Amino acid sequence: MSRPQAGDEADFAALFHRYKDLVYRTAFLILGDQGEAEDALQEVFLLVYTHLPSFDPGRAAFTTWLHRITVNHCLNRRRHRDRRNRFPPPDPADTSDADPEAQYLDREQAERVHRAVGRLSRAQRAVVVLRYFHGLSYAEISRVLDIPLGTVKSRLNLALRTLGRELAPTDRRVPAQSLRPREEHRP
Amino acid sequence: MNCHEVTTHLVAYLDGELSQSEKQVIRDHLRGCRRCQDQVTELLEVRRLVTRSLARRAAHVSAPTGAWEHLRDRLRPRQPHGLCDRLQHRLRLPRWWPVLAALLLATSAVGTLQLSAPAALRNLGQVVGAWWDGARQPGFADRGMQSMTILKPAYLPPSRGTVLSGMVSEDSARSVSQTYLAPDWFVQIRQISPTTDWRLPAGRTVRVLGQQAVLVSGGKVKLARLVMPEGFHPGTPLFSPEVTYSEAKQLVFVLHGTRVEILSDLPEEELLRVASSLTAGVP
């Protein structure tokens, strides 16, 4: 990609508009709060603007570089925030299905998954977002987070197993058999 | 490969991140292991839930409108506004430079400068001198400075080097101190508003500007010796204060509705000459 130089406002505006949602959504998924994500969006692009002259397209794709700045910034922000409050609940507006029952079930499930993701460690949450939201390969995640490939693999393995344990109890409270229609006893 | 080894690779297996040979090993194990098959089923469901949840959550949010305008304002170089900003901009000072200046001029510990680099003295003098000049600018002076007539000495003794000067308001703006630092002497002039104690200390009575004044001599004053690093320039780590003690005199009197305290290590004659030259120097 052609990269704008810091100071070229029109080019930087184009770059911002192209990548703002990517950064914002990543920040939102890691931080779990829209206000925090808005702050992160600003701060990440200030960092991008500052460090753009040192970005080397020969060493990494721009999106990899942008992911790295975004995730690292969010993890640093999150460290501060962790001391103040817990991972907040998802917004009620998250589910918008027309069917109220499906909406309720979706919301319940979304909340459980969201809470479970929020309880992951920062490092695990980052790899989960990069893999299962952005669809990055393990090698790409390794480059973004600057960690060995084996670490990506073990973090994802641990994260999914943790999520499996967190999400399992509710599912298992209602065995599949209990959902089958009972045979009525006829005298 | 046993069950334990297989489970550590299952997520990567499902993500398609294993080599062909690794995949084959896992497949062979799964064919004969119901327990690991169950794990695959569970992990597939977790992957599905997480992927769906993240996508749904993200789909409902987007960067707020006005984000670019906000960012653009932060990217544009801030136009210097007010004296402090102009000084900071012109001299390329760190944002906390007024703190530096206030430290330098802290009136409880009058400083002398031991400079190894002459350029450092010039730079620092420029900063502090500019700050002093700025004190006369409308809007710079704080409430304390505005509420009293600031006295400025028309006479200062000759010095072997640059005289640094600065002004600071203290005690919740109830007093204002000017400090003049020379390599071989210092003078601190402190003006205190009428809300504080008006009693003069015990000492020898003298006349200054037609007023009764008290000269207290023989006391010790704490000096903070500021050691400037080699190649100092504004913005670099600054100095390490060394506290020393020196003979000093204090002259106290009341003028223009303020209590004036002059602290100095000048000879008595010079001190009285400085005090007698005080005029309303700053509007």
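Is Phe45(A) buried or exposed? I looked this up at the start, keeping in mind that the model is predicted. Phe45(A) has 0% relative accessibility, so I noted this residue as buried.

**Entry on Phe16(A) and Phe45(A).** I then checked Phe16(A), which also counts as buried, at 0% relative accessibility. I counted seven aromatic pairs over all chains. One of these is formed by Phe16(A) and Phe45(A), with ring centres 4.7 Å apart and planes at 65°. That pair is edge-to-face, because an angle over 60 degrees falls in that class. I traced where the two residues sit: Phe16(A) is in helix α1 (residues 9–31) of chain A, and Phe45(A) is in helix α2 (residues 34–51) of chain A. They are 29 residues apart, and the pair links distant parts of the chain.

**Entry on Tyr19(A) and Phe62(A).** I next looked at the rings of Tyr19(A) and Phe62(A), whose centres are 5.0 Å apart. Their planes stand at 50°, so I recorded the pair as tilted. Tyr19(A) belongs to helix α1 of chain A, while Phe62(A) belongs to helix α3 (residues 62–82) of chain A. I found both Tyr19(A) and Phe62(A) buried.

**Entry on the cluster.** Which residues form one aromatic cluster? I listed Phe12(A), Phe16(A), Phe45(A), Tyr49(A) and Trp68(B). The list holds residues of chain A and Trp68 of chain B.

**Entry on chain B.** What lies over the face of Tyr155(B)? I found Arg273(B) there, at 3.9 Å from the ring centre.

Conventions. Residues are numbered from 1 along each chain as its sequence is written. Chains are lettered from A and ligands numbered from 1 in the order in which they are written. This is a predicted model: local features need pLDDT of at least 70, side-chain atom pairs count only at pLDDT 80 or more; totals for chains, interfaces and linings use all residues. Side-chain values use heavy atoms; hydrogens and water are left out. Rings of Phe, Tyr and Trp (its six-membered ring) pair if their centres lie within 6.5 Å; planes under 30 degrees apart count as stacked, over 60 as edge-to-face and the rest as tilted. Helices (H or I, at least four residues) and strands (E, at least two) are DSSP runs, numbered from the N terminus. Buried means under 20% relative accessible area, exposed over 50%, partly exposed in between (1.4 Å probe, protein chains only). A charge sits over a ring if NZ of Lys or CZ of Arg is within 6 Å of the ring centre and within 35 degrees of the ring normal.
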